[in-house]
Amino acid sequence: MSERGDFDTDVLVVGTGPAGATAALALATYGVAVRVVTKWNWLANSPRSHITNQRALEVLRDLGVEADATAVGTPWHLMGDTVFTTSLAGSLAGEEVARMRTWGTGENRIGDYLQGSPCPLLDIPQPYLVKNAAARGADICFNTEYLSHTQDNEAVTSLVRDRLTGRKYHIRSRYLVGADGARSRVVDQLSLPIEGRMGRAATLYTLFRADLTEYVQHRPSVLHWIMAPGAGYGGEIGMGTLRAIRPWTQWIAGWGYDMADGEPDTSAEAVLPKIREMIGDPDVAIEVENVTTWQINQAHATRYSSGRVFCAGDAVHRHPPSSGLGSNTSIQDSFNLMWKLAYVIRGWAAPALLDSYSDERVPVGMQVVARANQSRVEYRPVNEAFRTTGQADPVAAGLARLRDPGPDGVATREAMRCAIDLKNTEFNAQGIELNQRYQSGAIIPDLDAGEEIWRRDKVLYLQATTRPGAKVPHVWLIDGTGRRVSTLDVTGHGRFCLVTGLAGRTWAAAASQLDLPYLRTVIVGAPGSRDPYFDWHRAREMDEAGAILVRPDGYIAWRHTTAADGQQEALELLHSAIGSVLGWPSGRDVRPLARPDPGQGALRTGSPASRLAVTTTSLSRSAWRRCLPGCADCCAAPRPPARTTTGSWPWPT
Ligand SMILES: Cc1cc2nc3c(=O)[nH]c(=O)nc-3n(C[C@H](O)[C@H](O)[C@H](O)COP(=O)(O)OP(=O)(O)OC[C@H]3O[C@@H](n4cnc5c(N)ncnc54)[C@H](O)[C@@H]3O)c2cc1C
């Protein structure tokens with residue numbers, strides 16, 4: 001173990017799933033020393049985290065990896081003609097029971113999605129975050145299992161095991177992030193309170209290769225629900241799913257099973273007949289890649305941290321993939337937390353800022369767990385519309401009713417239409433994805449604004465607002481070259497941003513007087529951020545001379561809807577807002593002090609250029625290279641001397 005007061009890294013992250021990988025990527029981007037340990041020799045062995053929603057993609061855009069995600073993802077226009085059918089091949093007339101435009105691709109919703117975000121949705125089966133994190137300096141240790149930790153006032157000491165050699169050793173860090181999934185050992189070690197139920201239902205997934213292009217290319221969708229007569233799919237949803245992984249040659253076939261019957265047969269011989277029935281073509285060539293089972297959980301932690309240890313992702317919210325929220329929420333947990341850790345490590349914020357992580361993300365986790373489970377329950381009306389209970393073959397009888405020209409058929413078709421409409425809350429729920437409202441010590445409420453009134457269904461529709469606690473509204477501005485640039489592009493990127501208008505020069509002058517390395521100002525209407533569409537004008541919900549303070553994660557921390565009464569007042573209000581958001585005691589100067597301890601990520605004051613310079617301790621990049629599969633000695637070798645790197649804030653302004 002390293003000596004007390006000496007750190008192996010600033011932040012140790014356990015796990016390379018979406019939460020851990022985003023944590024590593026964000027910290028590396030912010031110039032903070034981060035080491036990641038993960039149990040296996042590579043990333044997840046099966047495709048998951050497919051649906052990447054607009055907010056998650058906004059996070060990736062902010063971190064500069066949107067293009068990588070786009071390169072590996074199935075594009076938005078191929079995601080959304082979700083089909084409910086008796087088989088994919090559909091050789092018998094009338095077998096396709098319903099078709100639904102999903103993920104915002106429908107003509108009636110696409111405008112909402114385009115207006116709400118600069119990003120589309122994507123379907124991404126591939127890991128791409130860890131590679132980027134490593135390239136930016138995160139140390140990634142595969143085959144390394146977290147076992148336990150202890151913590152004191154200064155540090156966390158984690159015990160890990162090298163799974164290749166069996167050797168156990170300690171890693172000492174300022175903070176520990178447990179992003180170790182639904183069976184989180186970090187959560188167990190911390191005894192974080194978990195409410196809900198694990199293992200509520202179960203599903204079997206088979207990953208396979210088969211060219212199904214001819215059956216789907218005319219109605220492209222990543223999801224197909226199969227109500228095969230006689231297939232007898234158990235479980236809550238009552239249908240099988242054919243899920244495109246690579247259009248249209250790699251797929252997952254999934255169906256529920258009754259846990260009371262024990263584990264199902266996962267041999268290829270057992271699953272192939274069902275898959276053939278779902279496809280509806282007995283001759284199609286199928287290559288089974290793997291078969292896995294997984295359970296439906298409905299549980300969430302009511303606190304995400306204890307002391308210097310923070311948990312993120314499925315570790316703290318455990319729910320089924322329905323609604324496609326898991327990876328998306330995990331990415332956002334980490335994005336919420338990492339700028340806060342970076343600021344505290346640099347000495348720019350007080351440790352009290354970290355309390356806001358639980359306060360802001362626990363309600364989101366609770367909501368997501370409830371929504372994902374509710375999305376499964378809401379297949380019941382679909383089932384009721386295509387099954388007729390009490391018949392020898394309830395599905396065949398139900399489908400016959402759906403085709404009946406008489407009153408029974410009319411009523412059944414109306415029931416099916418209502419059942420499909422209800423599924424908008426799973427498949428076109430832009431609101432659930434983008435409408436988070438944070439309440440915490442890092443948000444200063446606008447007390448004059450009153451309670452927010454939701455103008456439309458808040459699950460389905462985004463309500464953009466500049467109220468503190470909401471995400472900054474996306475509108476297109478025009479940059480210095482005449483190109484469109486989102487309000488999300490001119491804010492974020494690791495810094496606070498004061499946004500005001502041409503009439504708000506006093507705010508801009510106050511920000512300039514404060515001269516904080518982590519604060520920039522955007523004057524909408526000025527060169528580089530013009531508003532010729534007047535979209536910001538419409539969206540800002542304040543006078544042109546008012547101002548908002550946007551946090552590094554794109555959430556609005558504070559708003560002053562009118563002009564300041566002179567520059568001194570602007571200075572005092574802005575200073576006080578920033579100090580409060582960063583957790584400093586009232587009246588403390590928010591300007592960073594030069595600090596002698598290089599390990600504290602001290603800010604160097606001086607010339608404007610050097611004011612951006614920071615020092616952090618970091619392990620050598622070569623340590624990561626030696627820690628790839630086959631790792632013989634990186635962790636066994638004496639710890640490399642803590643390297644003090646001095647560099648400018650690595651993110652472009
Ligand atoms: C079949 C399926 C489909 C899904 N589809 C979607 C979707 O469409 N959209 C969506 O948003 N979400 C989807 N999800 C959910 C999504 O995959 C999860 O929510 C997401 O992976 C959670 O990310 P995480 O980083 O919290 O945990 P995980 O991805 O579970 O990662 C946990 C990490 O911790 C590591 N680890 C665990 N224990 C230890 C230990 N003791 N020591 C070291 N390392 C450890 C693991 O190796 C792994 O790297 C799907 C999930 C499944 C199963």
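Student: What share of the contacts with a separation of 6 or more comes from residues 24 or more positions apart?

Tutor: Those residues account for 72% of such contacts in the protein. A pair counts as a contact when the two C-beta atoms, placed from the backbone, lie within 7 Å. The model is predicted: local features need pLDDT of at least 70, side-chain atom pairs count only at pLDDT 80 or more, and totals for chains, interfaces and linings use all residues. Numbering starts from 1 along each chain as its sequence is written.

Student: What makes a residue buried or exposed here?

Tutor: Count the other C-beta atoms within 10 Å of its own, all placed from the backbone: 20 or more is buried, 12 or fewer is exposed, and in between is partly exposed. Of the 653 residues, 51% count as buried.

Student: Why is strand S14 called largely enclosed by the rest of the structure?

Tutor: S14 covers residues 250-257, and six of its eight residues are buried, so the rest of the structure largely encloses it. Strands are DSSP runs of E, at least two residues; helices are runs of H or I, at least four; both are numbered from the N terminus.

Student: How do you know that S11 and S14 pair?

Tutor: Pairing needs at least two bridges found by DSSP. S11 (residues 194-209) and S14 have eight, in the antiparallel sense. Ala 202 has Tyr 257 in S14 as its bridge partner.

Student: What joins S13 to S14?

Tutor: A hairpin does, through three residues. S13 (residues 240-246) runs antiparallel to S14, with five bridges between them. Arg 246 stands opposite Gln 250 in S14.

Student: What makes a set of residues a nonpolar core?

Tutor: Its members are buried Ala, Val, Leu, Ile, Met, Phe, Trp, Tyr and Cys residues, joined through C-beta atoms within 7 Å. The largest core has 161 residues, and Ala 24 and Leu 27 have the most contacts inside it. Helix H9 gives the largest share of this core, 10 residues.

Student: Which residues does Leu 27 contact, leaving aside neighbours within four places in sequence?

Tutor: Among them are Val 11, Ala 138 and Met 338.

Student: Which residues come nearest to the ligand?

Tutor: Gly 15, Gly 17, Gly 181, Gly 313 and Gly 326 do, out of 34 around it. A residue is near a molecule if its C-beta atom, placed from the backbone, lies within 6 Å. H9 (326-346) is one of the elements that supply at least two shell residues. The share from H9, four residues, is the largest.
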